[in-house]
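Subject: Structure handover

Hello,

Here is the structure I said I would pass on. Please open it alongside this email and follow the residues as they come up.

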Amino acid sequence: MDGRIIPFEALARSALIVDAIYQGDRKGSAADDPLPRLLAVSNQGGFRYRGSLDDPTLVVLKTSLDDPDWPDALDRETGTFIYFGDNKKPGRGLHETRRFGNELLRRFFERLHGGDPGRRSVPPIFVFSGTGEQRDVRFLGLAVPGGPDIENFDDLVAVWRSSEGLRFQNYRTRFTILDVAEVQRSWIDDLVQGRDPLERAPSAWTNWVVSGRCRPLKAVRSIEHRKRDEQLPAASGDLAMVSAIHDFFRARPHDFERCAASLARMLIPDIVDVDVTRPSRDGGRDAIGKMKIGRGHSAVLVDFALEAKCYGIGNSVGVREMSRLISRLRHRQFGILVTTSFVDSQAYREIKEDQHPIVVVSAIDIVDILRSHGHGDADAVRRWLITEF
């Protein structure tokens, strides 16, 4: 048996291995879902738990990672998992969802921040994503609410959305995937049977429950520079979002500079100022800005230069354009390149090998940024562009 692909017949005795795929059955019904056999939870919904609402013994968060309106996301480099609650349509209050997912989220974060009875009453949370292959799921990791680098006012936030002419709220939450490569079957069985959750728990989980110390599972990128396919979206809907931007500025590409500045602000909230400058001799337009590091009187401002390239999806940013940005960087400055296309391999390799401090925001990054701010499809992007630019 391949350790990374667990067949349906083996689920009841299987451990949970990070990034392993757990296959569903192939009979064509809801009973194909692998999670009931794997963790004894229900076969429906993104939020599932075992036990009672007041005392769940384990929780499963299942995400597709491709919902444009509710963009769940896992940052593998930091171990941070962003998950949106289950009030995804208008008509109910924030905590009145059918499966009480948002109510459980509220309780988890309340207990995390000192409410009675504290972390010991927060159950283990197992995160899965769909694979796109029938009902198969991938195990993303064992999660806890909050994290060492997540501020307590930003780990559970009620965000507003509008649909069908009605406004409603849903939770955006931030979890941390713990440094647990494999969850043993013996601990899973203890949780399912309601036995002591600490007796055979992974050490990272026990340390968090007892002391609050959170050790994230961090996966540093091994690829020095992103290839073309890693910078461009593959799905037709994502490509349409980028095309909407390119088409909007096709007749006035210089005006894309302000759009690029807005995207940079969305990506880096600590940017406090961006000034778009005059057109330069080569026809481009620059922007300069400042990012704040620290808080209050101890904060410092770091200068950066921004370059924007509104190119068609097949037209890459090459060495010449990248050299232009590099030449503008002074000591202790960094650069931001925003493009609706991608950076070619030679240019990307050079900035990595020479360690130039440049943030590359390519087409796929633009899609992620816009989705995380509620602009989840091409029509929403067009409305944003018309309103802002």
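Start with Val41, which counts as buried because its relative accessibility is 8%, and the cut-off for buried is under 20%. Bear in mind throughout that this is a predicted model.

**Around Val41**

Val41 sits in the loop between helix 1 and strand 4. Leaving out residues up to four places away in sequence, Val41 touches Leu35, Pro36, Arg48, Tyr49, Arg50, Leu58 and Val60. Val41 and Phe128 are 87 residues apart in sequence, and their C-alpha atoms are 13 Å apart in space.

Ala40 is placed in that loop too, between helix 1 (35-39) and strand 4 (47-51). With a relative accessible area of 28%, Ala40 is partly exposed. Phi of Ala40 is positive, near 60 degrees, and the residue is not a glycine.

Asp19 is another non-glycine residue with a positive phi, of about 75 degrees. Asp19 belongs to the loop between strand 2 (16-17) and strand 3 (21-22). Its relative accessibility is 32%, so Asp19 counts as partly exposed.

Strand 4 and strand 5 run antiparallel and are joined by 5 bridges. The hairpin between strand 4 and strand 5 passes through 4 residues. Within this pairing, Arg50 stands opposite Leu58 of strand 5. Is strand 5 largely enclosed or left open by the rest of the structure? Strand 5 (residues 56-63) has 6 of its 8 residues buried, so it is largely enclosed.

Strand 5 also pairs with strand 8 (residues 125-130), this time in the parallel sense, over 5 bridges. Val60 has Phe126 in strand 8 as its bridge partner.

**Aromatic rings**

How many aromatic pairs does the structure hold? There are 15 aromatic pairs. One of them is formed by Trp187 and Trp205, which are tilted, with 6.0 Å from centre to centre and 50 degrees between the planes. Trp187 lies in helix 3 (residues 185-193) and Trp205 in helix 4 (residues 203-211), so this pair ties together parts that are 18 residues apart in sequence. Trp187 and Trp205 are both buried.

Trp187 and Trp205 are also members of an aromatic cluster, together with Tyr22, Phe126, Phe128, Phe139 and Trp208. Phe126 was mentioned above as the bridge partner of Val60.

A ring with a charged residue over its face is found at Trp70: Arg161 lies there, at 5.0 Å from the ring centre.

Strand 15 (residues 300-309) pairs with strand 16 in the parallel sense over 6 bridges. Across this pairing, Ala308 has Val338 of strand 16 as its bridge partner. Strand 15, helix 8 (residues 319-328) and strand 16 make up a right-handed β-α-β unit.

Strand 16 pairs with strand 17 (residues 358-361) as well, in the parallel sense, over 4 bridges. Here the bridge partner of Gly335 is Ile358 in strand 17. Strand 16, helix 9 (residues 345-353) and strand 17 make a right-handed β-α-β unit.

What about the cover of strand 16 itself? Of the 6 residues in strand 16 (residues 334-339), 6 are buried. Phe334, Ile336 and Val338 point one way from the strand, while Gly335, Leu337 and Thr339 point the other way.

**Helix 10**

Helix 10 (residues 363-372) is mostly covered, with 7 of its 10 residues buried. Which residues of helix 10 are buried? They are Ala363, Asp365, Ile366, Val367, Ile369, Leu370 and Arg371. Their cover includes helix 5 (228-231), helix 6 (236-248), helix 7 (256-267), strand 16, strand 17 and helix 11 (378-388). After helix 10 comes Gly374, with a positive phi near 90 degrees.

**Confidence**

The chain averages a pLDDT of 90, and 96% of the residues score at least 70. Over residues 281-285 the pLDDT is below 50, and this stretch has 13 contacts in the model beyond near neighbours in sequence. Where pLDDT is low, predicted coordinates should not be read in detail.

Regards

Terms used
Residues numbered from 1 in each chain as written. Predicted model: local features only at pLDDT ≥ 70, side-chain atom pairs only at ≥ 80, totals over all residues. Heavy atoms only, no water. Buried < 20%, exposed > 50% of the residue type's maximum accessible area, 1.4 Å probe, protein only. Helix = DSSP H or I, 4+ residues; strand = E, 2+ residues; numbered from the N terminus. Pairing = 2+ DSSP bridges. Right-handed = clockwise from strand over helix to strand, strands pointing away. Phe/Tyr/Trp six-rings, centres within 6.5 Å; stacked < 30°, edge-to-face > 60°. Lys NZ or Arg CZ within 6 Å of the ring centre and 35° of its normal. Contact = heavy atoms within 4.5 Å. pLDDT = per-residue confidence, 0-100.
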